[in-house]
Amino acid sequence: MTIQVEIVTPSRQLYSGEVEMITMPGVEGELGVLAGHAPLLTTLNIGELTLHNAGGEPEYIAVSGGVVEVLPDKVIVMARSAERADEIDVARAEEALQRAEEALRTRPDEDRQPVEIAYRRSQLRLKVARRRRRTRPGVFVEDEG
Amino acid sequence: MASTREIRRRIRSVRNISQVTRAMEAVAASKMRRAQQQVMATRPYAEKALEVLSHIARLHGSGDPMDALITSRAEIKRVGIVLITADRGLAGGFNANVLRQNALFIKEQRDRGREVEVVAVGRKGRDWLLRYDPVIRAEFTNMPDTLATADIAPISRTVIDDFRSQRFDEVHIIFTDFVNTLLQRPTVQQILPVVPAETTAAMPPDYIFEPSVEAVLEQVLIGFTEVQILQAMYESIASEHSARMVAMRNATEAANELVDELTLTYNKARQEGITRELMDIIGGSIGLE
């Protein structure tokens, strides 16, 4: 049994295809979905989304925030932003991480929240980038242009 | 009559201009196509968000208090405008048209006794406001041509925060809608409060909401506001380049016509010169006889 997955962000459709299982960073903790799941609408955290394909290697996608709609035969991820492992610019993510660390050290407590989010996001992007697969990519919808 | 050398110099300079405008036309054409594709790419998200939104709206009925972003206020006193213009000119009437729409809208709102503040996106809009009507709430210039959500996030955060804090009771976006290459239409669209569309789609199943309906709704509303701003930006970018493309094509044609005219004048002048020289020679030779 596979389940249809669609990942959309405001600027593009990132993925459309069938997977065995999908795990997502739900606000209430890691959320795994198989075919036949009860209808669910939930918000997403900043985290790693994994697509488990039958037989093949899993695919990793960094998502930050958004909403997921789960239906028995379909999962629609409306992420505020999403990048797959091989799209992530490691150098830029490292730079952003350093900037965020620096800001966390120097900033006063009251406006730390955006910096903390930036820090978590760049950490996540690095983590997902390290998952860069050596095998052939799946049925990703190509980026525009 | 100008000397042949002067005319030749003018021909060369006009020909250079036509080369520049032709290159600008080609650049604008390719940027326009890209922006058109980006407009298309926002549709799946926008449609999905709207679907979930109207589902939640229906679920809640009309009486319940829901998110502030979706609740119309009884009295509208302060209106926010997101004005989208280009950073650059040389695009025919593109900036002037959207600025005229903006001026009309501001006047209309003031006539109804409302206060207006503008979030200016694009340098042309900001400059116009600074000169004629400096009610600027925020400004965003030098936006990249290939926009992502992260680029417009500060804009949506500004208007959402201002709407929540009651600085604005309504937020509208003024941009140029790309109809086709020949027609771009300045458009006003309300973005806050969000108006969920009536869908005729079949009633979806009963969802479990995690952590709560309100939290999901808030995320969807923020996402929907962002995608609307993004769409307006893409439409505007496509319109800008298409207007520039047409303006540059006209400029190239005008330059080529001018080259033809000048070439004719040049030939006449040259012929006149030759005739004059011949007359001199003939006159001289008659004198010698």
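**Reading the interface, sheet and helices**

A: The contact takes 25 residues from chain A and 27 residues from chain B, where contact means heavy atoms within 4.5 Å. This is a predicted model, in which local features need pLDDT of at least 70 and side-chain atom pairs count only at pLDDT 80 or more, while totals for chains, interfaces and linings use all residues. Residues are numbered from 1 along each chain as its sequence is written, chains are lettered from A and ligands numbered from 1 in the order in which they are written, and side-chain values use heavy atoms, with hydrogens and water left out.

Q: What area is buried between chain A and chain B?

A: The size of an interface is often given as the accessible area lost when the parts come together. Here buried area is the accessible area (1.4 Å probe) that two parts lose on being put together, summed over both. Between chain A and chain B it is about 2400 Å², and carbon and sulfur atoms give 65% of it. On the chain A side, P10(A), L41(A) and R80(A) lose the most area to chain B, together 29% of what that side buries.

Q: In what order do the five strands of the open sheet in chain B stand?

A: Helices (H or I, at least four residues) and strands (E, at least two) are DSSP runs, numbered from the N terminus. Two strands pair if DSSP finds at least two bridges between them. In chain B the order is β3-β2-β1-β4-β5, and the pairing is mixed. Strands β3 (136-140) and β5 (184-192) of chain B are at the edges with a single partner strand each, so one side of each has no neighbour in the sheet. From one strand to the next, the twist averages 20°.

Q: How many bridges join β1 to β2 of chain B?

A: Strand β1 (residues 78-84) and strand β2 (residues 115-121) of chain B run parallel and are joined by seven bridges. Within β2(B), A120(B) is the bridge partner of L83(B).

Q: Which helix lies across the strands of this sheet in chain B?

A: Helix α5 (residues 149-164) of chain B lies across β1, β2, β3, β4 (170-178) and β5 of chain B, and runs at about 165° to β3(B). Axes are lines fitted to C-alpha atoms, for helices over the stretch in contact, and angles run from 0 to 180 degrees between N-to-C directions.

Q: How is the packing of α5(B) and α6(B) to be read, by what angle and axis distance?

A: Two packed helices are described by the angle between their axes and the distance between the axes. For α5(B) and helix α6 (residues 213-288) of chain B, the angle is about 120° and the axes are 9 Å apart. Angles under 35 degrees count as roughly parallel, over 145 as roughly antiparallel, 65 to 115 as roughly perpendicular and the rest as oblique. The helices α5(B) and α6(B) are therefore oblique to each other. By class, their contact has nine nonpolar, three polar and three charged residues; Ala, Val, Leu, Ile, Met, Phe, Trp, Tyr, Cys and Pro count as nonpolar, Asp, Glu, Lys and Arg as charged, and the others, Gly among them, as polar.

Q: How do α1 and α2 of chain A cross?

A: The axes of helix α1 (residues 90-106) and helix α2 (residues 113-129) of chain A come within 8 Å and cross at roughly 150°. The two helices, α1(A) and α2(A), are therefore roughly antiparallel to each other. Their contact has 12 nonpolar, two polar and four charged residues.

Q: At what angle do α3 and α4 of chain B cross?

A: Helix α3 (residues 94-111) and helix α4 (residues 123-132) of chain B cross at roughly 50°, with axes that come within 10 Å. That makes α3(B) oblique to α4(B). The contact is made by N95(B), L99(B), N102(B) and A103(B) of α3(B) with K124(B), G125(B), W128(B) and L129(B) of α4(B).

Q: Where does the backbone show cis peptide bonds, beginning with the one at P193(B)?

A: L192(B) and P193(B) are joined by a cis peptide bond with omega of about -5°, and P193(B) lies in the loop between β5 and β6 (208-210) of chain B. The bond from E210(B) to P211(B) is cis, with omega near -5°; P211(B) is in the loop between β6 and α6 of chain B.

Q: What is the phi of L90(B)?

A: L90(B) has a positive phi of about 55° although it is not a glycine. L90(B) lies in the loop between β1 and α3 of chain B.
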